[in-house]
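Visitor: I would like to learn how to read a structure like this one. Please show it to me first.

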Amino acid sequence: MHVTHLSLADFRSYARVEVPLDPGVTAFVGPNGQGKTNLVEAVGYLATLGSHRVSSDAPLVRMGADRAVIRAQVRQGERQQLVELELNPGKANRARINRSSQVRPRDVLGIVRTVLFAPEDLALVKGDPGERRRFLDELITSRAPRMAGVRSDYERVLKQRNTLLKTAALARRHGGRSMDLSTLDVWDQHLARVGAELLAQRLDLVAAIQPLSDKAYEQLAPGGGPIGLEYKPSSPGIVGHTREELYEQLMAALAEARKQEIERGVTLVGPHRDDLILKLGQLPAKGYASHGESWSYALALRLASYDLMRAEGNEPVLILDDVFAELDARRRERLAELVAPGEQVLVTAAVDDDVPDVLTQTRYAVSDGTVERL
Ligand SMILES: Nc1ncnc2c1ncn2[C@@H]1O[C@H](COP(=O)(O)OP(=O)(O)OP(=O)(O)O)[C@@H](O)[C@H]1O
Ligand SMILES: [Mg+2]
């Protein structure tokens, strides 16, 4: 699929902007702070219902405005669709497809598909486990939009269970009446059921992107690998692959952790405590890999995501935000050759010369809130 037109109203620095887009490669070029990333961030938002830069919507709304609108005309084969999201920080966001009446924002997932690589992705390698869990879960949702429901169910169950554990922990500390633990049993089952579904998807995904990531790393940095992805569950007893096995193992791990959980007042078992260990050669990348290696690693994970989504038949838009300035000339050329044939590739760069020649089909100058085709 590709985006044929992007309109923004009160999004980030833009009061209003209309950007017609072609398939193939488009580069947005302009000095720092002019609004290049803001454009691609909006496209990414339509695909994930989130920003790659901030965790809340408030910064996405132009200072002084109370809502932002992102609208995109999307083409997939012969099919045209118009998606529209209205961001209302502090209130529910609204969504429309083809100007019809409202749908849930979640219903637009899957229309715009993106793989976005940005400097923030260095955190995939260097950051906390939460960054890697989010990477996996966002990719899972991009491939199977119904998983958005499973993710939010899990968040909800976890929150409720934590509230219950916190109450139990407080009661215990203050010598109050001990809690009726049968309620907790019910929440264990909910957590294990939804958790097992999420876990099974993550394990499948890791198996699928492992060889693709290794291949991408080899293409970017020949001889530098191999890279290995190891999923590390919250408890060593969680070793299964099917949902049934994982459910039983999560239940057993919860039973084992129960005493400690009641002491601490928080859920210690489940996919929200897992990590994905990224290995480069024999060593974990985190703490060992150089800056350039970490950068190539994160890029390899995104390129693997791109390969995986392309293989499903509906090609995503590839977004490369400020990527080229960080790479040496050879890696730049390699990356450019890899991505040039994509159905739609959106690139941002502060310096024109940083964009390899094969990626300069269409260029826009971005300056002071205007986006002008060159
Ligand atoms: N909610 C907002 N309201 C108004 N302006 C905003 C808002 N959020 C961000 N900005 C402005 O947008 C600009 C940043 O835009 P953006 O990140 O797209 O820049 P860029 O062109 O990608 O720059 P760089 O080359 O440094 O990456 C900043 O000047 C920032 O102040
Ligand atoms: Mg930028």
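Visitor: Which classes of residue make up the shell around ligand 1?
Guide: Ala, Val, Leu, Ile, Met, Phe, Trp, Tyr, Cys and Pro count as nonpolar, Asp, Glu, Lys and Arg as charged, and the others, Gly among them, as polar. Here the shell holds 4 nonpolar, 7 polar and 5 charged residues. This is a predicted model, in which local features need pLDDT of at least 70 and side-chain atom pairs pLDDT 80 or more, while totals for chains, interfaces and linings use all residues. Residues are numbered from 1 along each chain as its sequence is written, chains are lettered from A and ligands numbered from 1 in written order, and side-chain values use heavy atoms, without hydrogens and water.

Visitor: How many residues surround ligand 1, and which are the closest?
Guide: A residue is near a molecule if one of its heavy atoms lies within 4 Å of it. Ligand 1 is surrounded by 16 residues, and the closest are Gly33, Thr37, Asn38, Arg53 and Val61.

Visitor: Where do polar atoms of Arg53 lie relative to ligand 1?
Guide: A polar side-chain atom of Arg53 is 2.8 Å from an oxygen atom of ligand 1. Lys36 also places a polar side-chain atom 2.8 Å from a ligand 1 oxygen. From Gly35, a backbone N or O atom lies 3.0 Å from an oxygen atom of the ligand.

Visitor: What domains does the protein have?
Guide: Domain bounds come from an automatic or database domain assignment. That assignment gives domain 1 (1–113 + 317–374) and domain 2 (119–313). Their C-alpha centres are 28 Å apart.

Visitor: How many salt bridges cross the interface of domain 1 and domain 2?
Guide: A salt bridge is a side-chain nitrogen of Lys or Arg within 4 Å of a carboxyl oxygen of Asp or Glu. Across this interface the rule finds 1. The side chains of Glu312 and Arg113 meet in a salt bridge, at 3.4 Å from N to O.

Technical notes
Polar contact = N/O pair within 3.5 Å; in protein donor to acceptor, adjacent residues only side chain to side chain.
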